[in-house]
Amino acid sequence: MDKIKIVILLLLSFWALQTKAQNLPADVLTVKNGELIFKIDLRWDSALQQQLIEVYDLDSAMVAGVFSGQKSFDVDGEKWQARKKGRNHVILQKPLQSQPTLGEIFLKMIFNDERTGGTPGYVNGPVPFGFNQFGRQSVTFSKSGNVEFTLFGHEDASEVYLAGSFNTWQTNELQLEKYGKGWKTTIELDPGKYYYKFIVDGRWMPDPHNLLKESDGVSDFNSIVFVPNHTFRLENYQSAENVYLAGSFNSWKDKDAPLHKTSEGWELDTYVDYGRHTYKFIVDGDWILDPANPNISQNEHGTENSVLNIGESYQFTLKGYPDAQNVFLAGNFNNWNPNDIRMNRDDSLWEAEYYLGPGNYEYKFIVDGEWIPDPENPKVAHSGEITNSLLVYKPNHTFVLADFEDAKEVIVTGSFNDWNPNGYQMLWRNNQWKLDLHLPQGKIIYKFIVDGEWMPDPANPVYENNEHGTYNSILWIK
């Protein structure tokens, strides 16, 4: 929250300098523990009171009530509290809400996007596939993981910064260096999808040469860059007019991903999510296998597809069932395809290899047509009346709820699993409820459900109000 506080104060200070609010003190607005807090001096004259209303978009009747000694307010369904602090000062505060004041609009401008269920300022959920589209190459990549961002022009600017989902949108951390007729900086990024903007002398702007963009949730756009992890190549075919890539990662769209002609053939740098993917090239309308890839599999049409594995190999095992004829593995990592991953018998085990990245995966085994959870795995996830086994690969956060030793079931749910009320079941270990999960980067909103009763995390002081008039706990994953 300290970083958010700093960003808001800097932006609001800048706003104040550009408006008629120069006489308001810089510490009028702060954010702490999920609360929007205004520090008001009861000695302010009517002009300063009006500036407070206009600059911070506050209700005029509420501000008048503060100066007349009123202690609580209901403004558009939002609960405000005013408490005296000393003889001449009042603290006016409320939880951060979905109906924003001007201060919250600044917060949203930096950290939010407008997609339903979105995580502010960050990529939401897994991204199966992506590739870059530049009018002029303003972002370049090295094999070592270095990514160079370039802003062309703006030679008269005093300073230029880069901010994005990769550095929690910090405004003064990544300064670009001036070169010739532009600005450059190099950072190290893992493969994936990122949002970013440039800040030129305090003015935010998307990359003018990047054709990929998404709404920033206010009135402009964030630029999008994919740090690639795989290059698809097709040698020869120089006489072809068009070559496209289609596969399970882009729903087999036949004109979605065009390859670029090179001196040796065709290629496309891409980001492909973890897992097992099937694909083909489309050369002037003809669908062909990748001639350089010997890994192929049969498809439902009785033909073959090329196979690409991304990630780290993970071995699924099922003990017993020596008389089974067919055993398959299915999960959310392969869209629950019941005939995709065949398991092989090895002594007393059925085994199957699959490629995974960090994440939370639900799965089951299919033994001669019968779906069963993993009998060796105590971690489960519920979807309605269906219970699946839960594999957490490389967790990055542990949810903990102390006490409640008499509870029969404790579930953690939140923005990371679409608020599934039957979602991730916590385990009782060492006199507390625990569950390790892999959470996406950015802001996470969550609650515990103890025997059907929803409650925020009593050990987490950071929270915000919600549309139900209750509180959600908040944590930030870097």
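Lys197 has a relative accessible area of 4% and is therefore buried (under 20% relative accessible area, with exposed meaning over 50% and partly exposed in between; 1.4 Å probe, protein chains only). In this predicted model, Asp216 and Lys197 form a salt bridge, with 2.7 Å between the closest N and O atoms; a salt bridge is taken as a side-chain nitrogen of Lys or Arg within 4 Å of a carboxyl oxygen of Asp or Glu. The two residues are 19 apart and link distant parts of the chain, Lys197 being in strand S13 and Asp216 in the loop between S15 and strand S16 (221-227). Strands (E, at least two residues) and helices (H or I, at least four) are DSSP runs numbered from the N terminus. Asp216 is also buried, because its relative accessible area is 2%.

The model is predicted, so that local features need pLDDT of at least 70 and side-chain atom pairs count only at pLDDT 80 or more, whereas totals for chains, interfaces and linings use all residues. Residues are numbered from 1 along each chain as its sequence is written, and side-chain values use heavy atoms, with hydrogens and water left out.

By the salt-bridge rule, the count comes to nine. One of the salt bridges joins Glu214 and Lys193, whose closest N and O atoms are 2.8 Å apart. Glu214 belongs to strand S15 (residues 213-215) and Lys193 to strand S13 (residues 192-200), so this pair ties together parts 21 residues apart in sequence. Lys193 counts as buried because its relative accessibility is 16%.

A further salt bridge is formed by the side chains of Lys394 and Glu312 (2.8 Å, N to O). Lys394 lies in the loop between strand S34 (386-393) and strand S35 (397-402), and Glu312 in strand S26 (residues 312-319), so the pair ties together parts 82 residues apart in sequence. Lys394 is partly exposed at 40% relative accessibility, and Glu312 is partly exposed at 37%.

Ser306, in strand S25 (residues 304-310), is buried at 0% relative accessibility. A polar atom of the Ser306 side chain lies 2.9 Å from the backbone nitrogen of Asp290. Beyond neighbours within four places in sequence, Ser306 is in contact (heavy atoms within 4.5 Å) with residues including His277, Tyr279, Leu289, Asp290 and Ile296.

The average pLDDT (the predictor's confidence in each residue, from 0 to 100) is 86 for the chain, and 88% of the residues score at least 70. Residues 1-22 have pLDDT below 50, with 39 contacts in the model beyond near neighbours in sequence. Residues 97-117 also have pLDDT below 50, with 64 such contacts. Where pLDDT is low, predicted coordinates should not be read in detail.

Conventions
A polar contact is a pair of N or O atoms within 3.5 Å; within protein, one must be able to donate a hydrogen and the other to accept it, and residues adjacent in sequence count only if both atoms are side-chain atoms.
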